[in-house]
Every structure is written in C-alpha cells, then in structure tokens.
Amino acid sequence: PMPLHAAVARYPSNGRLLKIYGRFLEHVKNDPWSASKYYTEAMKLVRGERGRCSRGCVGCCVESTRRP
C-alpha cells in the first residue's frame, strides 16, 4: 500500500485525501499547524469544484473533520 504522504504528493488535487491527511497530522502527529494547511487547501478545492461543499453549506467540510 502507498503511504499517506506519498498519496498526497501524487494526488494533490484530491480534496478528500487532503482532509484525511490533515486529520492524520492533527491527531496522530499532533501537528495542528500543518493540518490547518491541508484543511484549508481541501476546502479551497471543494469550493472551487462546487462553490459549496457536498452537503450544500459553506465551511462545514473542514469543521466536520475535526474532533475534540
């Protein structure tokens, strides 16, 4: 299987993959600053494709990936 960081490098325009990688960085690597970069890029990609997220709202995609 391909490591997650290699998948992100290979598919940098996959918003879902960027959100997953952001969660990995935030929760496993304990690096919320780098995670924020990937969440932001994922949100830009999702908005660029649809103007809104897949649920029809704005800004929920990043927040829904974060857990306390």
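A residue is called buried when its relative accessible area is under 20%, exposed when it is over 50%, and partly exposed in between (1.4 Å probe, protein chains only). The structure is a predicted model, in which local features need pLDDT of at least 70, side-chain atom pairs count only at pLDDT 80 or more, and totals for chains, interfaces and linings use all residues. Residues are numbered from 1 along each chain as its sequence is written, and side-chain values use heavy atoms, with hydrogens and water left out.

The protein chain contains four helices and zero strands, where helices (H or I, at least four residues) and strands (E, at least two) are DSSP runs numbered from the N terminus. Of the 68 residues in the chain, 32% are buried.

In helix H2, the buried residues are Gly15, Leu17, Leu18, Lys19, Tyr21, Gly22, Leu25 and Glu26. The expected span of a helix is 1.5 Å times one less than its number of residues. For the 13 residues of H2 this gives 18 Å, which agrees with the 18 Å between its end C-alpha atoms.

Contact means heavy atoms within 4.5 Å. Beyond its neighbours within four places in sequence, Leu45 is in contact with Pro12, Ser13, Asn14, Gly15 and Leu18.

Rings of Phe, Tyr and Trp (its six-membered ring) pair if their centres lie within 6.5 Å; planes under 30 degrees apart count as stacked, over 60 as edge-to-face and the rest as tilted. The count comes to two aromatic pairs. The rings of Tyr21 and Phe24 are stacked, because their centres are 6.0 Å apart and their planes lie at 20°. Both residues belong to helix H2, three residues apart, about one turn of the helix. Tyr21 counts as buried at 12% relative accessibility, whereas Phe24, at 28%, is partly exposed. Tyr21 also forms an edge-to-face pair with Tyr38, at 4.9 Å centre to centre and 90° between the planes. This pair links distant parts of the chain, with Tyr21 in H2 and Tyr38 in H3, 17 residues apart. Tyr21 and Tyr38 are both buried.

In the loop between H2 and H3 lies Asn30, whose phi is near 55°, a positive value in a residue other than glycine. Asn30 is exposed, with a relative accessible area of 60%.
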